[in-house]
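Visitor: I like to know what stands behind each structural label. Could you walk me through this one?

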Amino acid sequence: IRDIISEIQCANPDAIINVSAAGPCPGEWDSERLSQLLWNLVMNAIQHGKAKQVDIKVATENDQVLIAVHNEGQPIPPHLLATLFNPLMREGNSEHHPVGLGLGLFICKEIVKAHGGTIVATSTWEAGTTFTVRMNKSVFLTNRVIPDFSLEPSTPSTHLELRRSAL
């Protein structure tokens, strides 16, 4: 996590990114996709949050890792929460100036799902907006297809190199 946060911080020098972890969180994941997941969630929080502050919490709970990305600011309207992770959903400043392509959160959902996990969003004025990811520490991915959502031309891969890493 620290490497991807460092990259995001360099690209957004005015952003305040706080990371707290309850110790190391070793696990086996597709590290490139996990980096993409974090990039998308943190960049969304910076883009849509008040004061460009993002709080990231990482913890373990039994055989799972929990990652929460939180920001303060205008909440996501309740009617959008139900479809937030659908492809081509985007919320801009107005109908004429949408922000992004509407694929980032869909990509996040697919990455988490491919790792056997869940992602949920909560958003209120009082509590702010939090995206919570819950994934198993060790995932058997041999027969799953993990789409490559990078910008480089490639095809989906059915073989993944799982790397032991600590979040």
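Guide: Gladly; we will take the labels one at a time and set each value against its definition.

Guide: This is a predicted model, so local features need pLDDT of at least 70 and side-chain atom pairs count only at pLDDT 80 or more, while totals for chains, interfaces and linings use all residues. Residues are numbered from 1 along each chain as its sequence is written, and side-chain values use heavy atoms, with hydrogens and water left out.

Visitor: How many helices and strands does the protein chain have, and what makes a stretch count as one?

Guide: The protein chain has 4 helices and 7 strands. From the N terminus on, their order is α-β-β-α-β-β-α-α-β-β-β.

Visitor: How do you know that the length of helix H2 agrees with what it should span?

Guide: The expected span is 1.5 Å times one less than the number of residues. H2 (residues 31–48) has 18 residues and should therefore span 26 Å; its end C-alpha atoms are 26 Å apart, which agrees.

Visitor: Why is Arg-33 called buried?

Guide: Buried means under 20% relative accessible area, exposed over 50%, and partly exposed in between, using a 1.4 Å probe and protein chains only. Arg-33 has 8% relative accessibility, so it counts as buried. This residue lies in helix H2, whose buried residues also include Leu-37, Leu-41 and Val-42. Across the 167 residues of the protein chain, 37% count as buried.

Visitor: What makes the pairing of the Arg-33 and Gln-36 side chains a polar contact?

Guide: The distance between the two side chains is 2.9 Å. A polar contact is a pair of N or O atoms within 3.5 Å; within protein, one must be able to donate a hydrogen and the other to accept it, and residues adjacent in sequence count only if both atoms are side-chain atoms. The pair therefore qualifies.

Visitor: What describes the packing of H2 and H4?

Guide: Two packed helices are described by the angle between their axes and the distance between the axes. For H2 and H4 the angle is about 145°, with the axes 9 Å apart. Axes are lines fitted to C-alpha atoms, for helices over the stretch in contact, and angles run from 0 to 180 degrees between N-to-C directions. Among the residues that meet are Leu-37 and Leu-41 in H2, and Leu-105 and Ile-111 in H4; contact means heavy atoms within 4.5 Å.

Visitor: Why is the pair of Phe-85 and Phe-131 called edge-to-face?

Guide: Rings of Phe, Tyr and Trp (its six-membered ring) pair if their centres lie within 6.5 Å; planes under 30 degrees apart count as stacked, over 60 as edge-to-face and the rest as tilted. By this rule there is 1 aromatic pair. Phe-85 and Phe-131 lie 6.1 Å centre to centre with 90° between the planes, so they are an edge-to-face pair. The pair links distant parts of the chain, 46 residues apart, with Phe-85 in the loop between helices H3 (78–81) and H4 (104–114) and Phe-131 in strand S6 (residues 128–136).

Visitor: Is Phe-131 buried or exposed, and what does it touch?

Guide: Its relative accessible area is 7%, so Phe-131 is buried. Not counting residues up to four places away in sequence, Phe-131 touches residues including Leu-41, Phe-85 and Leu-105.

Note on methods:
Helix = DSSP H or I, 4+ residues; strand = E, 2+ residues; numbered from the N terminus.
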